Amino acid sequence: MTDTVIQVRNISKSFGTVHAVRDLSFSVAAASCFGFLGPNGAGKTTMMKMLYGRSRFEGAGTMDIFGFDPRREELAIKFLSGVVPQEDNLDDELDVTQNLWIYSKFYRLSAVTARQRIAELLEFMELSEKSHANIRELSGGMKRRLVIARALLNQPRLLILDEPTTGLDPQVRHLIWDKLRQLKKQGTTILLTTHYMEEAFALCDELIIMDRGKAILEGPPRRLLRDQIERYVLEVVEGEIAAALSRSALPSGVRADTVQNDLRLFADDIEVLRKLTEQFHSDHFHLRQTNLEDVFLKATGRRLHETQ
Amino acid sequence: MRPSESVPYPPLAWRLYSVWYRHMRVYTRNLFSNGLPPFLEPLIFLAGVGLGLGQFIGTMDGVPYIEFLGVGLLVTAGMWTASFECTYGTFIRMEFEKVYDGMLAAPITARDLIVGELIWAGTKGIFFTFAVLVVFLILALFGYRVIPLPQALLTPLFGFLVGLMFGTMSMFVTSFVKVINHFNFYFTGLLSPMFFFSGVVFPLSQLPRSLQWVAELVPLTHPTRLVRGLCSGRYDWILLADLAYILAFIAVMGLLAVRRLQKRMIR
């Protein structure tokens, strides 16, 4: 039986006439990784901010984080949590170590503990060589790792990451994933937002797919993949073939999804799709297993919203 | 789910200190470029206005003009630094550098952050007043008497109050500002006129009677009169009223600034 450390019930939040979050409920088990997936403007960041009192929720909803209510006990929650905001916000005027040093004061670490912790974290995030570098000399990936190190200063029980790897190269992304898995193994509960499906798939035990403030799908990634979408997809990107195909009658068990010239045919039986490809005389198609991105696009729609 | 142990987050005084410490560390990191101008500015001002113009004026309000102006500059140093810190400084940290996004994720409330920053503005008021004082003391060593001694040695303490006054007012203004250029209105429209019409450059008694009451409402008038009173040794009951005005101003403006800026940070 695992412990529930976060319990969120019927939370709503609006900014003027915009409903950022609508009636969201979820709970997070200790030492698990919980993900929020959704297009830009889905309400992911707002949801995260409400957890540590940076944004206030209204109405009848309740939140319980380690037994604390963010409306009244934000300090306790913040003390137990580390936050990695969407944008890196390091102090450019200070060097790497000094950036962490200043934050050690916010948590009231003793000088000895702080020095030790900073050395450990720089080592953990593979930044030891940069300990006295200026922030301006750091690459995007290094800055991100430093922000994560900063969030870990007080050995948080909960780590909140808002799009931790957006804009980073694959090497750095995999390094960060690896570190997050290590932290989870050590007992840290992780909450993250992302719009990278592989990231959600690689890290999350549970996830919520959000769109326009609402939870659309919820569950472990593998189960979503199993329950919510056919097993295979045939992508046809050549306009003429796509047009011809969408005019013709499709075999049973095939579902079509078209956006402009991009046609996708979904089926559980790969042979049915393979047969369709034989009439193409072209290799402008791609037959593959479906992934979380297909689930996501099916759930949120493939067209852009006004908020994106 | 409630943890059996209480969470040992830092107490209020420490939280304010940690915010202050952050600003102090960032400021002193570039000590040369940040710390030199406050020493040069009064020199330039004294040379340009005090020496040049002073030769034509002779005495003002019973003291040599350079001394009249010198005492005034001990007051305005704190005003300018706190005003810049809590307008452009605060705005850039809030909107451009996103410094607060990180700080507000640490165990610090928005109110802690704002009050800590105001205390920092007061500290800068002390430092900048002290810088002006040091310049005048050096001039005194060379025989140029700019300020009355030893009374003027106490002025940096008033720099703290001046820093708080203009820090709170500037933060209140910042809470309305959406575009950084709008601070121009505040500096050109309010602070610059105040510099000239609050008894810093010439005594209030020179103003037309109908305008004198306006000067009495303006914040800079009160620390200026207080510091002049202290420096000249002419103690008067009105100085107590000035002190009361200063404290009330800080309290009211501080409350307004915290309220409004807090709403902007926690939405």
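A polar contact is a pair of N or O atoms within 3.5 Å; within protein, one atom must be able to donate a hydrogen and the other to accept it, and residues adjacent in sequence count only if both atoms are side-chain atoms. The model is predicted: local features need pLDDT of at least 70, side-chain atom pairs count only at pLDDT 80 or more, and totals for chains, interfaces and linings use all residues. Residues are numbered from 1 along each chain as its sequence is written, chains are lettered from A and ligands numbered from 1 in the order in which they are written, and side-chain values use heavy atoms, with hydrogens and water left out.

The side chain of A:Arg144 reaches the backbone oxygen of A:Pro164 at 3.0 Å. A:Arg144 lies in helix α5 (residues 140-151) of chain A. Helices (H or I, at least four residues) and strands (E, at least two) are DSSP runs, numbered from the N terminus. A:Arg144 counts as buried because its relative accessibility is 3%. Buried means under 20% relative accessible area, exposed over 50%, and partly exposed in between (1.4 Å probe, protein chains only). Contact means heavy atoms within 4.5 Å. Leaving aside neighbours within four places in sequence, A:Arg144 is in contact with A:Val84, A:Pro85, A:Gln86, A:Glu87, A:Asp88, A:Asp162, A:Glu163, A:Pro164, A:Leu168 and A:Ile176.

Strand β3 (residues 33-37) of chain A is mostly covered, with five of its five residues buried. A:Cys33, A:Gly35 and A:Leu37 point one way from β3(A). A:Phe34 and A:Phe36 point the other way. Two strands pair if DSSP finds at least two bridges between them. Five bridges join β3(A) to strand β7 (residues 189-194) of chain A in the parallel sense. A:Phe36 has A:Thr193 as its bridge partner in β7(A). β3(A) also runs parallel to strand β8 (residues 206-211) of chain A, over four bridges. Here A:Gly35 stands opposite A:Leu207.

Strand β4 (residues 62-65) of chain A has two faces: A:Met63 and A:Ile65 form the covered one, A:Thr62 and A:Asp64 the uncovered one. β4(A) pairs with strand β1 (residues 4-15) of chain A in the antiparallel sense, over four bridges. A:Ile65 of β4(A) is the bridge partner of A:Ile6.

In chain B, B:Cys231 is part of helix α10 (residues 221-232). B:Cys231 has 2% relative accessibility and therefore counts as buried. B:Thr155 is 76 residues from B:Cys231 along the chain, yet their C-alpha atoms are separated by 8.5 Å.

Between the chains, 35 residues of chain B are in contact with 39 residues of chain A. The size of an interface is often given as the accessible area lost when the parts come together. Buried area is the accessible area (1.4 Å probe) that two parts lose on being put together, summed over both. Chain B and chain A bury about 3500 Å² between them, 60% of it on carbon and sulfur atoms. The rule finds two salt bridges across this interface (a side-chain nitrogen of Lys or Arg within 4 Å of a carboxyl oxygen of Asp or Glu). B:Asp101 forms a salt bridge with A:Arg54, with the closest N and O atoms 2.7 Å apart. On the side of chain B that touches chain A, α1 (12-29) and α5 (99-103) of chain B are the elements that give two or more residues. α1(B) provides the largest share, nine residues.
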